Every structure is written in structure tokens, then in C-alpha cells.
Amino acid sequence: MTEVSTPTQQTYNELQQAYSHFNQALFAGSLPGCLITLQREKRTCGYFSAQRFANLEGGMTDEIAMNPAYFAVVPVVETMQTLAHEMCHLWQSHFGKPGRGRYHNEEWASKMEAIGLMPSSTGKPGGKRTGDMMADYAIEGGPFLKACAELLTRSFRISWYDRFPAPEHVRAGQGSMGMHLAASVGGGSVPAQSIAVMASLVNPAAMPSDDGEGNPKPAVNKSNRAKYVCSCEKQVWGKPGLLLICGSCQSRFWPQT
């Protein structure tokens, strides 16, 4: 009898598949294995922690954490960028000289560029190349986008998405550089916009009993009108809970708080 894959197995197998693929394509297979985790760390898409875990035999391994709050509201390429970004930190931890604390130094920035990701404090052209809080954007025609396209042709996908992304996560997706990249590399519409069933299930306006970190549920907007914004930044007003599609950019209008 064929064993049915569980949501846990699906999620971590997919992340491991992506890690192994980028390790071969961008790092010549030089990176050791690590423990990939899902963490709802505020204000970050992911992070790296050197030798964070130990086993009963005395072995140690690094951690790469991914924030699932962004999965449904950023293009797939952006999620893969987060993974590759943290893999550069792992590379530097084993083969280079990391900066102090969370500082992203010149060695790290050069490695990012070498694999096809441009470091930027804003996530867009013109941002600072090094610093404490760093994002990045994909270099068109670079190794990362080629590797991402190869991964997506191998039936790769992310199967599970957070249904209740926060408004700031939605805005991050709408403003990401990945929105302007081709669908063949995982760019363009985010999963919650491009997949019909996801558009009906993912609802930033609805909130669970807490914010995912044990904090109290925010106050609910009790007005009978809500503001909605699409990817091309058109705005409309309507009743809360509406499902609206923009005729210009073909993306969903997301409720704003």
C-alpha cells in the first residue's frame, strides 16, 4: 500500500528539494546539509543560525528558517530567493568570514552577486549593498534565475500556504521585484492570485484567534466598507469579504487595514 504523504512531509520535502537543487546549481554541491525550519519571525522572510542544532551522537548542524507567512502573498521566486540568500550565509559560515551579529558584509554581498542575487537594503535597485537588515532582488539572466527556471520544470511546487497573511506581508508581495519577472522563473502573480482555489481560501481580512505568535487578536474593523488595493495599486472600496479582480493587472484586490 502506498503511504500517503502528510502536510509535514510534503512541506519539508519540497524545501529540501529546493535546497538540494540550489546547492548543486549555485554552490557546486559544496554546502553541507542543514535543518530547515518554519518560523514566524517578525519582519523577516527567513534567517540563518550556525550550528543551532545538536543530535544525540554529538553532531551539530546549521538552521535555515523560512517564514511561511509570506508564502501565499509573494511570487514563488521570492521564496526561493529567501532560501538562496540564507544559503549564502551558510556558505560563508563554512568557507568564509561572517560579519558580526546580523551584519551582511562585503564577502557575503559578493557571493550573493556571484549566484545571481543583488543585495539591496530596500529589495530594489539603489539600496545599500551591505548592512544589518538586507534584502535582495534577482539579477536578470543570472545563475539564480536560470536555476529557478530549472527547478520549476521538475514539477516543483509549494503545496501549503498560510491562509491568514498579515496586511504588511500582502504589501510586501505587491511591491516585490518578483512581480515583474516571468512566470517561467516563478515570477508574476502570487499563488493566492494565480490559483483559483487559493484565491478563495486565502483571506488576509480574516484573522485567527491570535497572530500566530500568541499575541492577542487585533481589533476587527466593524465598518461596513473596506479598502482594497491590487498589484498595480488601484484602489476600490466595498463591503468586507469581497473577492475582486483588477481588469488592468488581472491580480486580486487585497483588503487593507
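**Strands and their partners**

Guide: S49 stands opposite E63 in β3, and Y47 has A65 in β3 as its bridge partner. This is a predicted model, in which local features need pLDDT of at least 70 and side-chain atom pairs count only at pLDDT 80 or more, whereas totals for chains, interfaces and linings use all residues. Residues are numbered from 1 along each chain as its sequence is written, and side-chain values use heavy atoms, with hydrogens and water left out.

Visitor: In which sense do β2 and β3 pair, and over how many bridges?

Guide: Strands of a sheet pair through backbone hydrogen bonds, in either a parallel or an antiparallel sense. Here β2 and β3 are antiparallel, with 6 bridges; two strands count as paired if DSSP finds at least two bridges between them. The two form a hairpin with 5 residues between them, and G58 in that turn has a positive phi of about 95°.

Visitor: What is the order of the strands in the open sheet?

Guide: The order is β1-β3-β2, a sheet of 3 strands with mixed pairing. β1 (35-38) and β2 (46-54) are the edge strands; each has a single partner, so one side of each lacks a neighbour in the sheet. From one strand to the next, the twist averages 30°.

Visitor: Which helices lie across these strands?

Guide: Helix α1 (residues 7-27) lies across β1 and β3 and runs at about 130° to β1. Helix α2 lies across β2 and β3, at about 155° to β3. Such angles run from 0 to 180 degrees between N-to-C directions, with axes fitted to C-alpha atoms, for helices over the stretch in contact. The protein has 7 helices and 8 strands, which are DSSP runs numbered from the N terminus (helices H or I, at least four residues; strands E, at least two).

**Burial and contacts**

Visitor: Is A69 buried or exposed?

Guide: Relative accessible area decides: buried means under 20%, exposed over 50%, and partly exposed in between (1.4 Å probe, protein chains only). A69 has 6% relative accessibility and therefore counts as buried. A69 is in the loop between β3 (60-66) and α2 (76-95). Beyond residues up to four places away in sequence, A69 touches R40, D162, P165 and H169, contact being heavy atoms within 4.5 Å. Its C-alpha atom is separated by 7.6 Å from that of A166, 97 residues apart along the chain. Over the protein, 45% of the 257 residues are buried.

Visitor: What are the contacts of M118, leaving aside its neighbours within four places in sequence?

Guide: M118, in strand β4 (residues 117-120), is in contact with E113, A135, D136, Y137 and I139. For the protein, 58% of contacts between residues at least 6 apart in sequence join residues at least 24 apart.

**Backbone angles and exposed loops**

Visitor: Where is the place of K239?

Guide: K239 is in the loop between β7 (235-238) and β8 (254-256). K239 is exposed, with a relative accessible area of 61%. K239 and R225 are 14 residues apart in sequence and 4.7 Å apart from C-alpha to C-alpha.

**The largest pocket**

Visitor: What volume has the largest pocket?

Guide: Its volume is about 1,100 Å³. Of its 45 lining residues, T44, C45, G46, H85 and M134 are the closest to its centre. The elements giving two or more residues to the lining are β2, α2, β5 (135-138) and α5 (167-174). α2 gives the most, with 9 residues. A pocket is an open set of points on a 1 Å grid over the protein atoms alone, where a 1.4 Å probe fits, with protein on both sides within 12 Å along at least five of seven lines; lining residues have an atom within 4 Å of a point. Points are joined across faces, edges and corners, and the volume is the space filled by probe spheres set on them.
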